[in-house]
Amino acid sequence: MEIRSLRYVVTLAEELHFGRAAKRHHISQQPFGQYIRRLEREVGASLFERTSRRVTLTPTGVWFVAEARVLLEAVDQLAERARSEGAGRDERTLRLGVLGFGAGQRWDDLRAALTAQVPGLCVDYVDLDWSTQYRSVLDHTVDAGIMWHAGSVDGLRSDVVLSSPRVAVVPARSQLADATFLTMDEVADGPWLATPRLSPALHEWLGPAAEPGPNAPVVRQPAAIPTAVATSGYISLHAEVARDFYPRPDVRFVPLEGAAPEIAVITRADDERPTITALRRAARFAEARG
């Protein structure tokens, strides 16, 4: 159960309108509603009654919202105390979460721009996977992350480092392997590899690829996709630069229509520490250099 979902439920209880509640969190109504329904499934009970004209709290919803407010107040107090304890400390270590190939060919420019602003900075790298990438930043497991970006996420800021064309990763023995370009209609039926539960933005970006084939292997990191494709015969989506980082003779990276994957530096929206500000500047420098 995510803290973010609890905040969404409390906001909906205040607004009793999905559109207005979603707007307060700067996300669209559809993913907002998905979070509410997912939380209701976790709880095992309906928290809201929905009709075409109104939204109201169920008796369970009234109790749940009251308890959620108590919990959120405690969480906010804990976060404030952590910020107070950390104020003024030496910012010489950056815990940086990385998904897959990270900043790709922009790594050198990103590191150079960062260390030029913060001499002597020590960077601790932490491997992330699809399901933990955003949460790891939100819950302070890492100070920032370099990860796939497919739309805004409440509480986070993204500074795009690179964009790479979308490709389909297919087995070399597949009939798709000889194509020079594929449309989503041509690959819609997959069969697709499976992923762990993703953010609504990433789920929407995947489109048909978000629906795995029967008994599909689960891939938790972009680095695992080519090997999973080669060994299973299933297909997947990736960024074109993956061809350079994960080459295999038994898979092909075929250009595919659709929005290009973006890699971004992800930070907490309210984090204005000098090191984080320097990282954001470095991201913009690296993106401009490309």
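Asp271 is buried, with a relative accessible area of 6%; here buried means under 20% relative accessible area, exposed means over 50%, and partly exposed lies in between, for a 1.4 Å probe and protein chains only. The side chain of Asp271 meets that of Arg273 in a salt bridge, with 2.8 Å from N to O. A salt bridge is counted when a side-chain nitrogen of Lys or Arg lies within 4 Å of a carboxyl oxygen of Asp or Glu.

The model is predicted; its local features need pLDDT of at least 70, side-chain atom pairs count only at pLDDT 80 or more, and totals for chains, interfaces and linings use all residues. Residues are numbered from 1 along each chain as its sequence is written, and side-chain values use heavy atoms, with hydrogens and water left out. The term pLDDT denotes the predictor's confidence in each residue, from 0 to 100. For this chain the mean pLDDT is 88, and 95% of the residues reach 70 or more. Helices (H or I, at least four residues) and strands (E, at least two) are DSSP runs, numbered from the N terminus. Where pLDDT is low, the predicted coordinates should not be read in detail.

Side chains of opposite charge can pair when their charged atoms come close. The structure holds 16 salt bridges. One of them joins Glu40 to Arg50, whose closest N and O atoms are 2.9 Å apart. Glu40 belongs to helix α3 and Arg50 to strand β1 (residues 48–50), so this pair ties together parts that are ten residues apart in sequence. Glu40 is buried, at 9% relative accessible area, whereas Arg50 is partly exposed, at 35%. Another salt bridge links Arg280 with Glu272, the closest N and O atoms being 3.5 Å apart. In this pair Arg280 is buried, at 2%, while Glu272 is exposed, at 54%. Salt bridges with shared partners also join Glu14, Glu15, Arg20, Arg24 and Arg69 into one network.

The aromatic rings come next. Rings of Phe, Tyr and Trp (its six-membered ring) pair if their centres lie within 6.5 Å; planes under 30 degrees apart count as stacked, over 60 as edge-to-face and the rest as tilted. The structure holds eight aromatic pairs. In one of them, Phe18 and Phe32 are edge-to-face, with 6.2 Å from centre to centre and 85° between the planes. Phe18 lies in helix α2 (residues 18–24) and Phe32 in helix α3 (residues 29–43), so the pair ties together parts 14 residues apart in sequence. Phe18 is buried, with a relative accessible area of 14%, and Phe32 is buried as well, with 0%. Trp130 and Trp148 have ring centres 5.1 Å apart and planes at 75°, so their pair is also edge-to-face. Both Trp130 and Trp148 are buried.

Finally, the strands may be considered. Strand β7 (residues 166–171) is joined to β8 by four bridges, and the two run antiparallel; strands pair if DSSP finds at least two bridges between them. The bridge partner of Ala168 in β8 is Leu237. In a regular strand the side chains alternate between the two faces of the sheet. Both faces of strand β8 (residues 236–239) are covered: Ser236 and His238 on one side, and Leu237 and Ala239 on the other, are all buried.
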